[in-house]
Each structure stands twice: as structure tokens, then as C-alpha cells.
Amino acid sequence: MKALVAVKRVVDYNVKVRVKSDNTGVDTANVKMSMNPFDEIAIEEAVRLKEKGIITEIVAVSCGVSQCQETLRTALAIGADRAILVESAEDLQPLAVAKLLKALVDKEQPSLILLGKQAIDDDSNQTGQMLAALADLPQVTCASKVEISAGKATMTREIDGGTETLEVSLPAVLTADLRLNEPRYVTLPNIMKAKKKPLEIVKPEDLGVDVTPRIKTLKVSEPPQRSAGIKVPDVATLVAKLKTEAKVI
Amino acid sequence: MTTLVIAEHDNTSLKAATFNTVTAAAQCGGDIHVLVAGHNAAAAAAAASLIQGVAKVLHIDAPDLAHGVAENVTAHIQGLAASYSHILFAATASGKSIAPRLAAKLDVAQVSEMTKVISPDTFERPIYAGNAIATVQSLDAIKVITVRATNFDAAQTNQPACAVESVVPSASFGKTTYMGSEIAKNDRPDLTAATVVVSGGRALGSVEKFNELLAPLADKLNAAVGASRAAVDAGYAPNDWQVGQTGKIVAPQLYIAVGISGAIQHLAGMKDSKVIVAINKDPEAPIFSVADYGLEADLFVAVPELISALS
């Protein structure tokens, strides 16, 4: 069976972004970009399922600018078999990305579609659920365990207070949470191999999808800054301050 | 203009975040309806009818709604959506799972983790782990929004009960079956609603030390226990204790960070706390840059001292 994995190119996890002085967005020029960490977990899970013999082909997809090819090469180096870039310079919002992915799901007919639960740039946590809705498929968000047998998947997902287990018929959409797995390091031979794997580029128009943004960003501003307080010399002073100054205990 | 708030509940009582979501709904303007979709959840519906400002409660009862499976809840709400200008969910695990599914079914965008209502169609929300605040305008006719509960006060529950109207259930989704859940038994306050949170980081060194030091401190303060991602990754604490960008967002009166260095992803989850205390032996730890009171000390000495000072 085939798996489709969506990966997003985002500002690297370790970069502290700066808001542009004209308040139009954050400064992403000359900033390190990487694969969204949750998408890395998603691709790793697909590769593990392939290693177990459950999945036979992994198609990695990214939607965005031309440089997303680098992100797709990383996915190929982790173990995807081929890649598709839906190239667009437009501000691709979750609904638009879900529609693009839906078009590719129709074309590729995967049994399992994996995404990260959330991208660390816009922090939306929407695309997987939207794709599942558009394709009328079951969704398991924040998955931490996946077992597949006989056209069904049993998955555990992280919820408030603990976990819950769902059984879904395939095809299904899952979004990966932190504990699903720990992605492997990409090795140099695999990076070299990835360069030879097929990478197809399509445009939203080719898929018949209107990607016009539905949400207009009017302004991006700095959050209120919290200033550092004081250092206390010992526990006794700390307790006294909390009691008499902050009055919180 | 009417706003529909999707109540979060366990079929018996409403979850705390629902009350904060009603406050956000009031700020959007217009009437407020609350939907309780569940199974044998009349008690939750009755509780919703007492929330200040709620004009009507819609109650859908169906066996497939017993566990809040997103696909089923969406199937039942979808048909009601057209009468509303806004549909609000709390930004909890449940709300975040259902809201985007509903939005896509309605072919509208969704606004995540809304922190402020500027006008009926314009909202603020944090992006990049809270390192930037976006002001966004929704261009769709129906605004589907998840609400960050810590940014809105809880609505009062002192009104005479409003009408509770039964809604005929729709067909179930059918391709997803709830198999069971494991909810950790926990006598402590809920992490996102607690007035005091004690959080531990990797510096605690082991799951034993994590519990040995933080449990008695939390007991003394009637606090919830949280953790940094590093502590969760290391297996010292369960995943749902994680405070941060992709974990829980908390804003208690008092947040005590023990052995947490303060990565930006962690700060994103707790920097709206009223008073922050940091205990860390590294004077350069970024957590000190947001702490009201910083104690540069070995936590294995300082925490037991703090526990006895509070006795």
C-alpha cells in the first residue's frame, strides 16, 4: 500500500524570529530553514511502516516556493521513494494546502496520509483535519502509536489528560505527535541517493485548486515583552517575596 | 449575528475552557448559543443554560457522540452551521481536532488559538511560538475559531436557565470507532486551569527525582505539575504535562520553573503567568530573563528547603 506524507519548509526550530519593523511579517531572509519537526516524525513513521513491509511506496509532498525542493530532498533521504512539489509563491494557508493535498490524494490513491500535527511557523494545527474533511476520511490527530492490519489502523492519540485509542478504516489521515517516534539522522549516502530520486513539480492550476488566501494578515507585531525581575539570594527571601510582595501564596 | 459555542464536556459536566470560550463569544457580539453534543449529556446541557449571556442551548444526543469523536461531532454540527456568523471552540485537544474539520466541510478558513477579539471579523493570534502576534481578518461568512482559554475570563453561571432545545441527530460518520482511553488518575488541579503550576525540566535527572521533588511542592501549593519538552522527551513526565508551544498553554497566578533552562518553545507556553519563579543553577539560563524572582541554586537543595519553608 501507498503512503503520502506532507512536509513543510519552516524557519528552523532553533531560530528566534524577529518581527519586521514595518509590521508586515517576520524576517525570514537569511534565516535557516528546515523541515517542520512534526513532519519529520510523520515521514519517519512512514519509513518505519515500509521497513515493516506494510507500506510499499512513500510519496512526499510539499506545497510552497521552489526551495521546498530541499525539504523534499530531506524527506527522500529519510526514505521517501519519490516527491511532488506543488509550487506556488502565494501565501498558502491551511485550507488551500488541504485542497492541494486532496487533489493529490485523488490522483495517487494512498491508503495512509501522514502529516505533522502542527507547523511551528503559523502554529495552526489544521491541515491534516481539513484534508481528512475534504476527502471524507477518518482522522487521527496527535497520533503517538500506529498499528495497521487488514485494511484498518488502530491508533493511539494524545488528548488532554492522557491518551485515547481509535480504530479507523483505511484510507485514513494521521497527524504525528512528538512521541510517535524519534526520527533518524540522515546519512550522507542517503543524501546522495536522494538526489537521484524523482521529484515532480506541479502548479496549483494543474490541480485545479484556487489557493487565494481566506485570511488576511493585517499586521504582525512584537508580543508584549516580559522584563526580568530580580534574583533572590535564598529560599527564605523567595518565600517572603512571594508572600508579601507578589501575594501569590 | 449569532455565535455558536461548541461546549466541551464529559457528558456530565462542562470543561472549564467552555466558560472562557463563552466570554470570547460575547466579545464577538450578537447572541450566543451553546451546543452540547453528547450522549446522555442532559446535565451538561443544563449547566450550559446557566452561563451568563447564553440565549439558547442546543442539545444533540446520539450514542456515537459519547466520546467526542471528531468525525462524528463534525457530522452532527455541519447542518447547523449556516445559521451562525461565528463558531467557537476552546483550543483544547478536542477543539483543535474538530474545528478544522468543520471549517473545511464548510469551505471556510479557521483561526487557531485566538487570543483577542478586535472586531467581529478581526482577531489576534500568536504565531512562531508566541514570538509574534498576528492580527488577522477572516474574509469568510462563517468564522470558525479556536479560543485560547487563558486569554479570556471564565463567564459567570448566574443567569436563570435559558431554553434547552433538542436537535435531531444526523447520520454518524461510521469509519472511526472509539476503542478506549487511558486518562491518568490525578487528584491535582487541571494544568490549564490551576492557579499555581510547578514545572520541572531535564535538570531533575530522573523520573524518580522529578516526582520526589515536585510532588510534595505541588501538594503544599495545591498546584498542577507541568514539564518542559526536554523532561517529557527524557521520560520524566507524561506527554500531557508538557507546557509550551505544542503542548499546554498555561497562565497561572504563580508558575515555578524548576531546572528548566527556558527554551523559546517553553516560554511560549507560560510567559503569560502572573508571577514566574525560576530555580536554576545556571546563571545564564534564559528562564531568568522572564522570571519575576530568580533563585540561582542547586534545585536538589533549594526545592526541599522551599517545601519546608512552606510547611
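This is a predicted model: local features need pLDDT of at least 70, side-chain atom pairs count only at pLDDT 80 or more; totals for chains, interfaces and linings use all residues.

Start with Ala129(B), which you'll find in the loop that links β7 and β8 of chain B. Residues are numbered from 1 along each chain as its sequence is written, and chains are lettered from A and ligands numbered from 1 in the order in which they are written.

Check the backbone of Ala129(B): phi is positive, about 55°, although the residue is not a glycine. Is Ala129(B) buried or exposed? Ala129(B) counts as buried, because it has 23 C-beta neighbours inside 10 Å. The cut-offs: buried takes 20 or more other C-beta atoms within 10 Å of a residue's own, exposed 12 or fewer, and partly exposed is in between, with C-beta atoms placed from the backbone.

**Stop two: a sheet built from two chains**

Now select the strands on either side of that loop. Strand β7 (residues 122-127) of chain B pairs with β8(B) in the antiparallel sense, over six bridges. Two strands count as paired if DSSP finds at least two bridges between them. Look for Arg125(B), which stands opposite Ala134(B) in β8(B).

Next, bring in chain A. Strand β12 (residues 215-221) of chain A pairs with strand β8 (residues 132-138) of chain B, antiparallel and over six bridges.

Which strands make up the open sheet, and in what order? There are four, running β12(A)-β8(B)-β7(B)-β6(B), with antiparallel pairing. β12 of chain A and β6 (116-119) of chain B stand at the edges with a single partner strand each, so one side of each has no neighbour in the sheet. From one strand to the next, the twist averages 30°.

**Stop three: helix against helix across the chains**

Select helix α4 (residues 127-134) of chain A and helix α4 (residues 93-105) of chain B; their axes come within 7 Å and cross at roughly 45°. Axes are lines fitted to C-alpha atoms, for helices over the stretch in contact, and angles run from 0 to 180 degrees between N-to-C directions. That angle makes α4(A) oblique to α4(B). For reference, under 35 degrees counts as roughly parallel, over 145 as roughly antiparallel, 65 to 115 as roughly perpendicular, and the rest as oblique.

Show the residues that meet here: from α4(A), Gln129(A), Met130(A), Ala132(A), Ala133(A) and Leu134(A), and from α4(B), Ser97(B), Pro100(B), Arg101(B), Ala103(B), Ala104(B) and Lys105(B). Contact means C-beta atoms, placed from the backbone, within 7 Å. By class, this helix contact has seven nonpolar, two polar and two charged residues. (Nonpolar takes in Ala, Val, Leu, Ile, Met, Phe, Trp, Tyr, Cys and Pro; charged is Asp, Glu, Lys and Arg; the others, Gly among them, are polar.)

Zoom out to the whole interface: 70 residues of chain B are in contact with 63 residues of chain A. The side of chain B that touches chain A has 35 nonpolar, 21 polar and 14 charged residues.

**Stop four: inside chain A**

Among the residues meeting here are Leu95(A) in α3(A) and Leu131(A) in α4(A).

Then jump to Asn125(A), in the loop between β6 (112-116) and α4 of chain A. Asn125(A) is not a glycine, yet its phi is positive at about 60°. With 26 C-beta neighbours inside 10 Å, Asn125(A) counts as buried.

**Last stop: two prolines**

Select Pro171(A), in the loop between β9 (162-169) and β10 (172-176) of chain A. A cis peptide bond joins Leu170(A) to Pro171(A), with omega about 0°.

Finish at Pro189(A), in helix α5 (residues 188-196) of chain A. Pro189(A) counts as exposed, because it has 9 C-beta neighbours inside 10 Å.

How values were computed: Two residues are in contact if their C-beta atoms, placed from the backbone, lie within 7 Å.
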